[in-house]
Amino acid sequence: MSRTPEPSTSVPRPLKLAEQALSRLGVSGRALIIFAPAVWLTIFFLVPLAVVFGISLSTKQFGRPPYSNLLTFGEAGTVQLTLHLSNFVKLFSDSLYVNAYINSIKIAAIATLIALALGYPMAYFIARASDRWRNVLLMLVILPFWTSFLLRVYALTGFMRGNGVINNFLGLFGIEPLIMMQTDFAVYVGIVYTYLPFMILPLYTNLVKLDGTLLEASADLGARPLRTFLAITLPLSVPGIIAGTMLVFIPAIGEFVIPSLLGGPGTLMIGRVLWDEFFSNTNWPRAAAVAIAMLIVVVVPIMLMQRAQSATVER
Amino acid sequence: MRKGPFLPTAAILGFAFLYAPIISLVIFSFNENRLVTVWSGFSVKWYGELLADPQILGAAGLSLQIAFASASLALVLGTLMAIALVRFRRFRGRTMLAGMISAPLVMPDVITGLSLLLLFVAMESLIGWPAGRGTMTIIIAHTTFCMAYVFVVVQSRLVDMDISLEEAAMDLGATPFRVFVDITLPIIAPALISGWLLGFTLSLDDLVISSFVSGPGSSTLPMVIFSKIKLGVSPDVNALASIIIGVVALGVGIATLLQLRGQKNPVGASASEIM
Amino acid sequence: MSKQPLIAADTRPWRDPAAKPFVRINNVTKKFADVAAVSDVSLEIYQGELFCLLGGSGSGKSTLLRMLAGFETPTAGTIEIDGQDMTAVPPYSRPVNMMFQSYALFPHMNVEQNIAYGLKRENIASTEVGQRVNELLALVKLAEYGKRKPHQLSGGQRQRVALARALAKRPKLLLLDEPLGALDKKLREETQFELVKIQETLGVTFIVVTHDQEEAMSLATRIGVMNQGEIAQIGEPTDIYEFPNSRFVANFIGSANMFEGVVTEDESDHIMIDSPEAGCAIYVDHGVDCAPAQRLWWAIRPEKILLTRDRPDGVANITRGLVDDIGYLGDTSVYQVVLDSGKKVRVTKANTMRGDLEAIKWDERVYLSWAGNAGSVLTA
């Protein structure tokens, strides 16, 4: 942009008009900016959650839509509100749901820990690499992040299936093929594989800011590298650890694609249960109840994330 | 600091883990054999088959349209939101809005998809809009979660931006609107580009939400791929995946090169800003 | 030599009760939440002045400047510029321009575009804009750099672009926020004189915010010392240094030896202060507005005390001490002398002779003496 100074009379007309229109609005220009996204989020984020809650108190019926109305209008202008708690009762009484919740949390937690154990040294290595290498390595982490999630899961199936790459490789040494697909193991691998960049990037952003002189000071005061790591690096990287684990843990709980493509029929995860309730059983109210219960499970970690988020906005 | 062998080993293993499946997938997309993992000779026939498949091409076209529309809409809304939350320190509902905008970032897809579908169904029976589900409802759904990503990227750029630049322009006689057009917009442009690209990519990639809110005849590319994978081996999906990976690698590679040449890298910057 | 225009530094309008101030700050208070950043400040600044607001961080000097520019609105009080109430005028309509501490050069515009930005907001014909930009580039000696982007300039060059941009609209009042703060020491001293020269040539009124007292002393026609949101003292640099009105100002500007004492003799032409710390009764050769037997403070600058081996004659005040430490600074030496009371006193002595063998050394018993008008009596 190397324009030479020009008189403002040559400003495009629409710009001028918009400017006049906005300045005539005065303070309300500000309200306009807030208004559009606020209305959008209210209608398409907040209200839907309320609708889900409402429908979770309804029951399945045949027809369109496939659920009963909460409000029914009687003969003499009476309005009747019918709330069904049966869906929520079912969530607790049917071991399918309880097991699915417990299993989801377990799988998500274990996969998150594995991702942390694998991602931390990688993030640390990238953060300590020379400037030139750092950019290349960072690109290598970000690249999968921009590649299709679904296709990466698909790539794993080609890798782990009975006659897949791993088993072909093992076959060269005469090792019997391993059964990896359709197991919980495959789900762990899938979650770690697809969410690893989400773990590495926040850890990296944290670790790269770590003041190198702190490590030198620690070494100077007589701490061995391991001691320095435990006493200095690890405590200072806690915010990165929290961000990374939350970014892996929360979406992993509700994961549908991974258990559905990599897991076996016994791999119960709540996202998959919800999907099946909705698509296979067409039980919308039950699916809604499952969603509300899932929301309760993830709401605490989400709040944690938001606190971190708003802290950066306030900065 | 002295470096032990542990970190490099862990990093090499980690990167191998990240890349081995992708690389093998690309290699086997050139495999002649229908059995995706048994090599029998070099061939590009799956690419030919892919390009002759009207279902895949149609879905790809639809997905690109939806991604373009959602990313553009999300760019406007997310940017407005970022300006509101960063520049206006105090207004009613600010905390609430700040909470709402970041929630979609971590909300499980199944919940987002289900809740929007239930909303659309309820709205249709109440006010008759939207009539049925299809491209429009997918765009609305994608815009809603993409704007959260745009917001994060633009917001972090706005926070980093020296506020005195805007004050200086105002001091030199520019009205708030002119300040935005002349100063703010050019300076946050890299964030706008990366926010849009991020939205575009995420929309293109979404399977779960689209599955809930799509209607008959509006199957997106991920939906078609998913059903193909569910049915079993499909070498043309390998070909498709290779093309997508190639395009993304090229884009990210160019962006990184630009960054190495001292320019601001929209792709890499955005990803690390989201975190 | 050509005839100099009449400038405020020579005419000193603040000494003329009939002179009309150009900027009038009336009882201005600014609160952020419940904290007052500026409290009840009143200040009058005259046409053509180079007025320095001097204070530490958090003293409210920058907030005051930002209120003049229009970026903050006063919680109470009014600001008038050239007889016009500015309270409701937005920043983009004020006849005021500001040079920012960070310079705030637009990174996506080159030097010319930066300087032209304000002019283009005024619908000035492009030929005239170009001409003005060239004049300004010449004024700040950057004629060759018009096409460069800010990041291609050195710190000193950026500072000059920022100055040129702020001057482009020929503002009646220029606000400068730490204009030399980002420059290194050598460059700062050169630029100080440049700045004064430009100010005197253009006759624009400057208000400069700084935390650097040397900068304020060498730039300003008058200085307003700020402390905790209030104006502690307003005056010409010599007034502030030689006649501080409070212990805060005496300590903040330069260094001072402070003695606490009680008035024992209160005459119209002199007073005596009994200060056990000083080791002698302090004779002050002028009357002071104080109560008899009032407890007060007496401050003296280190260079106003004479250090000798032998007892000097005919001096009003003499006390004794032991040289505890000597700091050699090249041009001067700083002596730390412990008086018999245990009080440590700082004395500076110009090194007028090379390799002075007679110089006073460590652990010598010395006489400290000063004239009756050498110190300041402070009641606050």
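Reader: How far apart do the C-alpha centres of domain 1 of chain C and domain 2 of chain C lie?

Author: Domain bounds come from an automatic or database domain assignment, and in this predicted model the C-alpha centres of domain 1 of chain C and domain 2 of chain C lie 34 Å apart. The assignment gives 8-95 + 171-249 as domain 1 of chain C and 255-378 as domain 2 of chain C. Residues are numbered from 1 along each chain as its sequence is written, while chains are lettered from A and ligands numbered from 1 in the order in which they are written. Local features need pLDDT of at least 70, and side-chain atom pairs count only at pLDDT 80 or more, whereas totals for chains, interfaces and linings use all residues.

Reader: How many residues does the contact take from each domain of chain C?

Author: Two residues are in contact if their C-beta atoms, placed from the backbone, lie within 7 Å. Here 4 residues come from domain 1 of chain C and 5 residues from domain 2 of chain C.

Reader: What share of chain C is buried?

Author: A residue is buried if 20 or more other C-beta atoms, placed from the backbone, lie within 10 Å of its own; in chain C, 39% of the 380 residues are buried. Along its principal axes, the C-alpha trace of chain C spans about 75 × 50 × 45 Å.

Reader: What pLDDT does chain C average?

Author: pLDDT is the predictor's confidence in each residue, from 0 to 100, and chain C averages 91, with 98% of the residues scoring at least 70. The model scores ipTM 0.87 and pTM 0.83.

Notes
A residue is buried if 20 or more other C-beta atoms lie within 10 Å of its own, exposed if 12 or fewer, and partly exposed in between; C-beta atoms are placed from the backbone.
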